[in-house]
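Welcome to my notebook. I opened this one to see what I could look up, one entry at a time.

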Amino acid sequence: MDGLELLKKDWKNQEENLPHFEAEQLYKMLLKKSSSVVKWIFIISLIELSFGILLNVFFMDKQFWQEVDNIHLKTATIVIYIISYLITAGFVVFFYKRYRTISVADSSYLLMRNILKTRKVVKCYIIYVLVSSGITMMLFYIYSLLYTPGISENLEEINWLVIIGIGVISILLFLLFLWGVYALLYGILLKKLLRNYKELKNLDF
Amino acid sequence: MKKETEHKFVKLLEEHQNIVHKICRMYTYDQNSHLDLFQEITIQLWKAYPKFRGDSKFSTWMYRVALNTAITLYRKSKRKPYTHDIDQFSFKIKAEEYDDTTEQQLKIMYAAIKELNDIDKALVFLYLEGKNYSIISETLGITEVNARVKMNRVKKKLKDILSA
């Protein structure tokens, strides 16, 4: 007899020695907290979405505005902040909408795809935060040079290529480090999901 | 109203809990993780219950949520035992068919399905539960043709293990 057919025949008998929970025990289980991947993605995403906001609030003290004023970037900074808050708000709304589409009662493939798409929104947000911080940092770096006493008077003697090169490389290294931490975090969280998603996807193509 | 819903849900779960236990047996290797996965599946079922419209059978809906929890949402990494711990499965085939070879074959089969990957396990599980390919493909979200192709591959894999 085919191995699987033999197993199928025996399968029903498994039920005889399965554990059994009484209603009382099941009621208690309903009160427990979930530890699912989706819940963790939700928590981590909220932390990440507030990351940009916290970063801004943390740096925006009196001294910061004074310095910004000194290097003639006050208006530009206000505009940058307004735009970045609007973009962050957009990401939060979009994230929430995507999160709502995750349903455990969907097919496995759809469920996994929806989880990955939801994560993609946060991934885009992180890329946006990193790139925009990079650009802002670069802008501040150049303007501080332009308006720093001692440097601003001798601008023609400065080797701009070297200065900008150093700036770009240090910012890139910093961003790369943050990206590494981010990839590691999700890599651990989604290892199993990604493996199973690929398995199902490979089946269909 | 909430109490009433809770009561109805627990009653249905109690009635159909064997499905969840069988999935836990497929996907976990010890009693603690069995309990842990059962717990997570229960929470997911309860969370999804308000959206259960009753247009499908409770058990069909339950297969989907429970399997999804096991292969997608459950976070704990699986800890494989060093030896094939298949004692948790029992072998009870009708007395007249029962012989050493059958028992041996069943042992090998149960050990073999424990070694399959998550998706293959889901396929085999639904197959053993007597679900047709239409249900299997709907549950996993693949086409019926691909479900058949995949199932045939798994069958061959298991057959090879048995004849080895």
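How many residues of domain 1 of chain B are in contact with domain 2 of chain B? I started there, keeping in mind that this is a predicted model.

**Entry 1: the two domains of chain B**

I counted eight residues of domain 1 of chain B in contact with eight residues of domain 2 of chain B. On the domain 1 side, helix 1 and helix 3 of chain B are the elements that give two or more residues. Helix 3 of chain B gives the most to that side, with five residues. I then sorted the residues of this side by class and found six nonpolar, one polar and one charged.

For the bounds, I noted that domain 1 of chain B runs over 1-77 and domain 2 over 92-164. I also looked up how far apart they sit: their C-alpha centres are separated by 22 Å.

**Entry 2: chain B as a whole**

Next I listed the secondary structure of chain B and got seven helices and zero strands. Following the sequence, I wrote the pattern down as α-α-α-α-α-α-α. Chain B has 164 residues, and 35% of them are buried. I checked the contacts in chain B between residues at least 6 apart in sequence, and 64% of these join residues at least 24 apart.

I also looked for annotations. In an unreviewed entry, UniProt lists residues 108-158 of chain B as "domain: RNA polymerase sigma factor 70 region 4 type". In the model, that span is 82% helix and 0% strand, and its end C-alpha atoms are 9 Å apart.

**Entry 3: where chain B touches chain A**

How many residues does each chain bring to the contact? I found 50 from chain B and 45 from chain A. On the chain B side, the elements giving two or more residues include helix 1 (2-27), helix 2 (31-48) and helix 7 (144-163) of chain B. Helix 3 of chain B contributes the largest share of that side, nine residues. By class, the chain B side splits into 21 nonpolar, 16 polar and 13 charged residues.

**Entry 4: a helix in chain A**

I moved on to helix 3 of chain A, residues 37-59. This helix has 23 residues and spans 33 Å from its first C-alpha to its last, close to the 33 Å expected at 1.5 Å a residue. Where does helix 3 of chain A bend? I placed the bend at Phe51(A), at about 35°. I also noted buried residues in this helix, among them Val37(A), Ile41(A), Leu49(A) and Gly52(A).

The UniProt annotation "transmembrane region", from an unreviewed entry, covers residues 37-58, 78-96, 125-146 and 158-189 of chain A. I looked up two of these spans in the model. Residues 37-58 of chain A are 100% helix and 0% strand, with end C-alpha atoms 30 Å apart. Residues 78-96 of chain A are also 100% helix and 0% strand, and there the end C-alpha atoms lie 27 Å apart.

**Entry 5: one histidine in a loop**

My last stop was His72(A), in the loop between helix 4 (62-70) and helix 5 (74-101) of chain A. His72(A) has a positive phi of about 60°, although it is not a glycine. Is His72(A) buried or exposed? I found 11 C-beta neighbours inside 10 Å, so His72(A) counts as exposed, given that the cut-off for exposed is 12 or fewer.

Methods
Residues numbered from 1 in each chain as written. Chains lettered and ligands numbered in written order. Predicted model: local features only at pLDDT ≥ 70, side-chain atom pairs only at ≥ 80, totals over all residues. Helix = DSSP H or I, 4+ residues; strand = E, 2+ residues; numbered from the N terminus. Expected span 1.5 Å × (residues − 1). Bend = angle between axes of the 7 residues up to and from the residue. Buried ≥ 20, exposed ≤ 12 C-beta atoms within 10 Å, placed from the backbone. Contact = placed C-beta atoms within 7 Å. Nonpolar A, V, L, I, M, F, W, Y, C, P; charged D, E, K, R; others polar. UniProt positions renumbered as here; feature names shortened; annotations may be inferred. Domains from an automatic or database assignment.
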